[in-house]
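Subject: Structure for your review

Dear colleague,

Please find below the sequence and structure that I am handing over to you. My account of what was found follows directly after them.

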Amino acid sequence: MNLKVTSREEILSVSRELVKKEGSQAISIRSVAGACGVSVGSIYNYFGSKTKLLAATVESIWTEIFHNPDNPAVYEDTESCVTWMYRQMEAGSREYPGFVALHSLGLAEQGKKENIRRMNETQKHIQASLVQVLKNDSRIRNTSRRCFRTSTSGAALETPSAWAC
């Protein structure tokens, strides 16, 4: 066994590599410990269960897929932003075969308040970013830009008829 202390980030990096090479079914406490060269207990020090390891791996993959773009112009208009998002998802699907299944499995297995909270937090972040892009898009009329608002519940944007313009 490896006697060095393995960081949470190193464990997640190894987990991402396992998903890339072997698919989502490769993620388990034992497989990750083996790939890291550490004891199973070392993984449990950072992730109390397979569910927590799986949730952190899913979050880590999404973060990698949607890292900041090399070209900040992506955020200048809605079309560029949405195009960039779809390209990132396509590239992520190629790089991480079975990731959507991993994500679905992780959420279905977990179904716990903490995982729902994390998902809602991520959705709020994405929503707020998209609303900001819409507000900053010079091709959208000023009168329309005033109408965009974020939902405090984390739900999808409300219908235009519900917006207070």
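The protein has eight helices and zero strands, where helices (H or I, at least four residues) and strands (E, at least two) are DSSP runs numbered from the N terminus. Read from the N terminus on, its elements run α-α-α-α-α-α-α-α. Please note that this is a predicted model, in which local features need pLDDT of at least 70 and side-chain atom pairs count only at pLDDT 80 or more, whereas totals for chains, interfaces and linings use all residues. Residues are numbered from 1 along each chain as its sequence is written, and side-chain values use heavy atoms, with hydrogens and water left out.

Of the 165 residues in the protein, 32% are buried; buried means under 20% relative accessible area, exposed over 50%, and partly exposed in between, with a 1.4 Å probe and protein chains only. Contact means heavy atoms within 4.5 Å. Among contacts between residues at least 6 apart in sequence, 58% join residues at least 24 apart.

Helix H1

The expected span is 1.5 Å times one less than the number of residues in the helix. The buried residues in H1 are Ile-11, Leu-12, Ser-15, Arg-16, Leu-18 and Val-19. These cover an arc of only 155 degrees around the axis, which puts them on the same side of H1; the arc is that of the directions from the helix axis to the C-beta atoms. Glu-9 and Lys-21 are exposed on the other side of H1. Just after the helix, Gly-23 takes a positive phi of about 90 degrees.

Ser-15, which lies in H1 (residues 8-22), counts as buried because its relative accessibility is 0%. Leaving aside neighbours within four places in sequence, Ser-15 is in contact with Ile-27, Val-32, Leu-53 and Thr-57. Val-14 also lies in H1 and, not counting residues up to four places away in sequence, touches Val-32, Ala-35 and Cys-36. Although Val-14 and Thr-57 are 43 residues apart along the chain, their C-alpha atoms are separated by 9.5 Å.

Two packed helices are described by the angle between their axes and the distance between the axes. Here, axes are lines fitted to C-alpha atoms, for helices over the stretch in contact, and angles run from 0 to 180 degrees between N-to-C directions. The axes of H1 and H2 (residues 29-36) come within 10 Å and cross at roughly 110 degrees. H1 and H2 are therefore roughly perpendicular to each other, given that angles under 35 degrees count as roughly parallel, over 145 as roughly antiparallel, 65 to 115 as roughly perpendicular and the rest as oblique. In this contact, H1 contributes Ile-11, Val-14, Ser-15 and Leu-18, while H2 contributes Ser-31, Val-32, Ala-35 and Cys-36.

With H4 (residues 50-65), H1 packs at an angle of about 80 degrees, the axes being 9 Å apart. This pair is therefore roughly perpendicular. The residues that make the contact include Ser-15 and Val-19 of H1 and Leu-53, Thr-57 and Ile-61 of H4. Ile-61 counts as buried, since its relative accessibility is 0%. Ile-61 and Phe-99 are 38 residues apart in sequence, and their C-alpha atoms are 8.4 Å apart in space.

Helix H2

Ile-29, Val-32, Ala-33 and Cys-36 are buried in H2. Seen down the axis of H2, they fall within an arc of 100 degrees, so they line one face of the helix. Its face turned away from the buried side carries the exposed residues Arg-30 and Gly-34. What covers the buried residues of H2 includes H1, H3 (40-46) and H4. Gly-37, which follows H2, has a positive phi near 75 degrees.

Helix H5

H5 (residues 78-95) has 18 residues and reaches 25 Å from its first C-alpha to its last, close to the expected 26 Å. Its buried residues are Cys-81, Trp-84, Met-85, Gln-88 and Gly-92. They fall within an arc of 100 degrees seen down the axis of H5, so they line one face of the helix. Glu-79, Tyr-86, Arg-87 and Arg-94 are exposed on the face turned away from that side. At the start of H5, a side-chain oxygen of Asp-77 reaches to within 3.2 Å of the backbone nitrogen of Glu-79.

With kind regards

Methods: Polar contact = N/O pair within 3.5 Å; in protein donor to acceptor, adjacent residues only side chain to side chain.
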